[in-house]
Amino acid sequence: MNANQTWNHHVVKKGNKSLVLDKIKYNSPISRATVASQIGLNKGTVSSLVNDLLEEHLIYESGPGESSGGRRPVMLLFNEKAGYSIGIDIGVNYLLGVLTDLNGNIHTEKRIAFKNLSYEEIELRLFETIDFLLISTPDCPHGVVGIGVGVPGIVEKDGNILLAPNLNWRNINLKEVLEEKYNLPIIIENEANAGAYGEKHFGAGKDFENVIYVSAGIGIGVGLILNGSLYKGSNGFSGELGHMTIQAGDLLCRCGNEGCWELYASEQALMRHAEKLDIPFDSQDLEGLVSLAQSGNEEVIQLFHQTGDYLGIGINNIINIFNPQQVIIGNRLAYSKKWLKDSLNKRITNQALWFQQNDLQIDFSELSTRSTALGVAAFSIENFLSVSIQQDVLLE
């Protein structure tokens, strides 16, 4: 076999093995014969690839399934416990870490709240969270397969954090730091991109191909699922719609622009306005404001209504640009759905072009604040499965 034939054989085998694994992963339990017929490969090829996947503990066999006449087939299942992934969401005032199996089911999680910490202080809490999750990992063939980290900022394709204005970070190479400390594959991603991916795979976006995820916390980020795929732009910088101007010549944003959407429709907007209300200082954060709204404080409820209206203004712009099937509002502001949704929906109903509203759904996250952590955990899982298949093919 010459070099070109060898290369082509490896490419074909890698593709076929991915097809077999995906078919088993998403259709367990399933027989070898059904796998072969559904993906169009002969039974011998499928049997060989299945044996490889069994040796790698990525799948396992269970008892006989239903017979269609003749011997009952042995069924194949994806082994979601073969390894675990760590997903971290670094927020402006919190850090959330999850340990998931290979199907994205959460095994352990750890949440830390903080305010006004330096990069070095957040880094220590990040290490603390990762160490806790590593210790919590059950015994399994592959251990922790990778660590994904979502950050509220602009991330270059190589994982360098170019700018995270609400954290006051510039040119932070967190990927290199984590690779050196943990000797594991590291993925750094924009938190809204990761949140969109998490919602598409595990949350409210499962049934749609064109989904806009609005991550509303201290700032606002937007993740775009277009035609079923995460859209990141030519350099990976898409989705910075929290910095679109909705009030020209007004408030100055940390990004250097004036009148950015996130200055009016985020936690920072709520807290800025809450300072002017006659409420206790220790209630001037999201949790405190939600508590006051629940107790019927009309001033605070009106503040949420105003924030929902501003959310609607930005979402209306997004709808007109992308014509999505679904918009999902996630991150911490989704906790206040009860007081945001009416003014938000009213703004969109009144201002979005009528034809844009056909077949459009506005939803709040099903994953609460876990969208980003689950999204980056999923990136790490996909990377592991892809690399695992690639290495096996090249070792042949």
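1. Two strands count as paired if DSSP finds at least two bridges between them. Strands (E, at least two residues) and helices (H or I, at least four) are DSSP runs, numbered from the N terminus. With that in hand, have a look at the open sheet of 3 strands, which has the order β8-β9-β10 and antiparallel pairing. β8 (154-155) and β10 (169-172) stand at its edges with a single partner strand each, so one side of each has no neighbour in the sheet. Between β8 and β9 (residues 161-164) there are 2 bridges, and isoleucine 154 has leucine 163 in β9 as its bridge partner.

2. A word on what you are looking at. This is a predicted model, where local features need pLDDT of at least 70 and side-chain atom pairs count only at pLDDT 80 or more, while totals for chains, interfaces and linings use all residues. Residues are numbered from 1 along each chain as its sequence is written, and side-chain values use heavy atoms, with hydrogens and water left out.

3. Next, follow β13 (residues 220-226). A hairpin of 3 residues joins β12 to β13, and β12 (residues 211-216) pairs with β13 in the antiparallel sense over 6 bridges.

4. Buried here means under 20% relative accessible area, exposed means over 50%, and partly exposed is in between (1.4 Å probe, protein chains only).

5. Helix α2 (residues 32-39) is worth a look too: Val35, Ala36 and Ile39 are buried. Seen down the axis of α2, the buried residues fall within an arc of 95°, so they line one face of the helix. The arc is taken from the directions from the helix axis to the C-beta atoms. Just after α2, glycine 40 has a positive phi of about 80°.

6. Asparagine 297 caps the N-terminal end of α9, with a side-chain oxygen 3.1 Å from the backbone nitrogen of glutamate 299.

7. On a 1 Å grid over the protein atoms alone, a cavity is a set of points where a 1.4 Å probe fits but cannot get out; a pocket is an open set with protein on both sides within 12 Å along at least five of seven lines; lining residues have an atom within 4 Å of a point. The largest pocket holds about 600 Å³. Its lining comprises 20 residues, and Lys115, Asn116, Ile218, Arg254 and Met271 lie nearest its centre. Helix α7 (residues 267-274) gives the most to that lining, with 3 residues.

8. There are 4 cavities of 30 Å³ or more. Of the 23 residues that line the largest cavity, Pro152, Asn166, Glu191, Gly219 and Ile220 are the closest to its centre.

Definitions and conventions
Polar contact = N/O pair within 3.5 Å; in protein donor to acceptor, adjacent residues only side chain to side chain. Points joined across faces, edges and corners; volume = space filled by probe spheres on them.
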